[in-house]
Amino acid sequence: MITTETKIKRWDSVPFTSVKIWDKFWRPRLEQVRKVTVPVCLDQCEKTGRLDNFMKASGRMPGKFRGMYYDDSDVYKVIEGAAYTLMLQRDPGLEARLDAEIDEICAAQEPDGYLNTYYTLNAPDRKWTDMEKHEMYNAGHLLEAAVAYHAATGKRKLLDSACRLADHLDQRFGPGKQHWVEGHEEIELALVKLYGVTGEVRYRELALWLLEERGQGRGQGEIWDNPEWGPAYCQDDVPVSGIERVTGHAVRAMYLYTAMADLARLSGDSAYIGALKRVWAHTAERNLYLTGGIGPSRHNEGFTHDYDLPNESAYCETCAAIGMAFWNHRMNLLFGEGKYADLVETELYNGALSGISLSGDRFFYVNPLASRGDHHRVEWFDTSCCPTNLVRFLPAIGQYAYAQSDDGITINQYIGGKADLAAGGGRRVEVTQVTNYPWDGTVDLGIGPAQTSEFTLRLRLPGWCRSYRLFVRGEETAAVPSDGYLELRRIGRPGDQIRLVLDMPVEGVRARPEAADNLGRIALRRGPIVYALEERDNPGLAYDDFVFDPVRAVRVLHDPDLLGGVTVLEAQSRIPGGPAVRFIPYYAWDNREPGFMQVWVKEEPDIGLYRF
């Protein structure tokens, strides 16, 4: 049996409000989310009737429900994301707009705490009869938005509404009450968040009860009646403590595992810990794209069978990549292993970031690893979970950069800026990072405790890094990696300076032989960035016509004027005297003229080299 004493670290997350980001890669993106993406998503919620549904439900506007039964969640997610931007920079105009929307939301809440505009307007007598209709999913996003907005502004109106809704759920569901298996997980992790703010134990206990309802044969509704999907689609095929394999809808699975990790961290439940370890290994080792994408199938927006990783038809929903970041962040806090932060990094720079255009106003729902030129970002979707997920994911990235524990601090992501951290024992430490990551592997750290006080500093050694150098106070220092980290145990003098130099060569990546679509193919990666060949940079080259020769050198060039400033790779054509073929970061494709794209390209046979 896995014991909590040997396996659980229980590190603490760092509020992203304690992290100031100023680096050249992320700061402009955060500003763009605040100035462009948040307003775009708010406007779309108005144009598409999502906000009107609340006014109709409250009787303030005539009319019928418009849209999909889960559309309330988009409004909540945009409010959550907007709240995060307010924490980074106050904006009275935005805050007033959100206050007005919150007034309409709260006015639509029914006297018993129930809040769902689809059922209030369309089928008030059918509440809590179809577990697929996202009633608790919508509720969960309201809870998350309320927690965020209260943290940003101190205002309680939405938080009080969320508590009334959570109380409604608690009164109706639980031991000895109505059974429920929510078709789309979300409420479970949201209840844990609400518990964290309110201290109300009932919310945490309800989250645990909802997890335990799964795999007991109690699911009812469209999912369970569909022979092509069945209970595995929504992770209702086995009790959660018995999970062995990742199954079904990818986003739902990620939200389930996130909630399991949250509750395991609170309780130390060894059954949950074992299940999380097993399903993580199955996901990461057999069902994960190089970009961090998960869920290859459009049919179920999720998983099929092991090593089914097609490129051109890859679904890889943006929300699933974001969910993968949520889950792996929790796994890192629970187990204290760097491999989980590695996957958060992969999503940050590839799988999730590809979902939004460089202009901040167009979005991918689906993120293939190859395209013949007919796949493009759009302004909005009928089901717009991905744009509204991006708007709440990106402004909060500071929380993934660090972790805190009783014995010290951990640096998980190398992002230029400053953080105010707790190193245990009441010690406060200010950490500054100066770096040109992800284009350069040199990271300069300033460690500033108020007074000399020894603690452990952990620096993540990325899984892609094969060699490195570490300097403490100007002197090269040996540090042996442990669980994916370099540990410095006697840090704590005011003004300590540390330099970490991560070797960042171009790496040729080959898939396992079971991944049949990539046999005879190779992909290029440098540091955390996965690269793609795009037609715009390679005029005259036909789709799937390039054959990579690993014996030839690959040039690394930084172009500050290209795609917001990127490092590109140039590989020599196999044709003597032919033009070099250029690769750009995968996240940046489809931001110019339409054209084909490939991550995995054909490779010359009889190769003998792996790294360049």
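**Strand pairing and salt bridges**

Seven strands form an open sheet in the order 2-6-7-8-13-10-11, with antiparallel pairing. At its edges are strand 2 (19-21) and strand 11 (475-476), each of which pairs on one side only. Here helices (H or I, at least four residues) and strands (E, at least two) are DSSP runs numbered from the N terminus, and two strands pair if DSSP finds at least two bridges between them. This is a predicted model, in which local features need pLDDT of at least 70 and side-chain atom pairs count only at pLDDT 80 or more, while totals for chains, interfaces and linings use all residues. Residues are numbered from 1 along each chain as its sequence is written, and side-chain values use heavy atoms, with hydrogens and water left out.

Strands of a sheet pair through backbone hydrogen bonds, either parallel or antiparallel. Within this sheet, strand 10 and strand 13 (residues 496-502) are joined in the antiparallel sense over five bridges. Leu-470 has Leu-500, in strand 13, as its bridge partner.

The discussion now turns to the side chains. A salt bridge is a side-chain nitrogen of Lys or Arg within 4 Å of a carboxyl oxygen of Asp or Glu, and by this rule the model has 57 salt bridges. One of them joins Glu-312 to Arg-372, with the closest N and O atoms 2.9 Å apart. Glu-312 lies in the loop between helix 13 (270-286) and helix 14 (318-335), and Arg-372 in the loop between strand 3 (370-371) and helix 16 (385-393), so the pair ties together parts that are 60 residues apart in sequence. Glu-312 is partly exposed at 38%, whereas Arg-372 is exposed at 55%.

A further salt bridge connects Glu-507 and Arg-466, whose closest N and O atoms are 2.8 Å apart. This pair also links distant parts of the chain, 41 residues apart: Glu-507 belongs to strand 14 (residues 506-509), and Arg-466 to the loop between strand 9 (455-460) and strand 10 (468-472). Glu-507 is buried, with a relative accessibility of 2%, while Arg-466 is partly exposed at 44%.

Asp-420 and Arg-428 form another salt bridge, with 3.4 Å between the closest N and O atoms. Asp-420 is partly exposed at 39%, and Arg-428 is partly exposed at 42%. Finally, salt bridges link Arg-27, Glu-31, Arg-34 and Lys-35 in a network.

Methods. Buried < 20%, exposed > 50% of the residue type's maximum accessible area, 1.4 Å probe, protein only.
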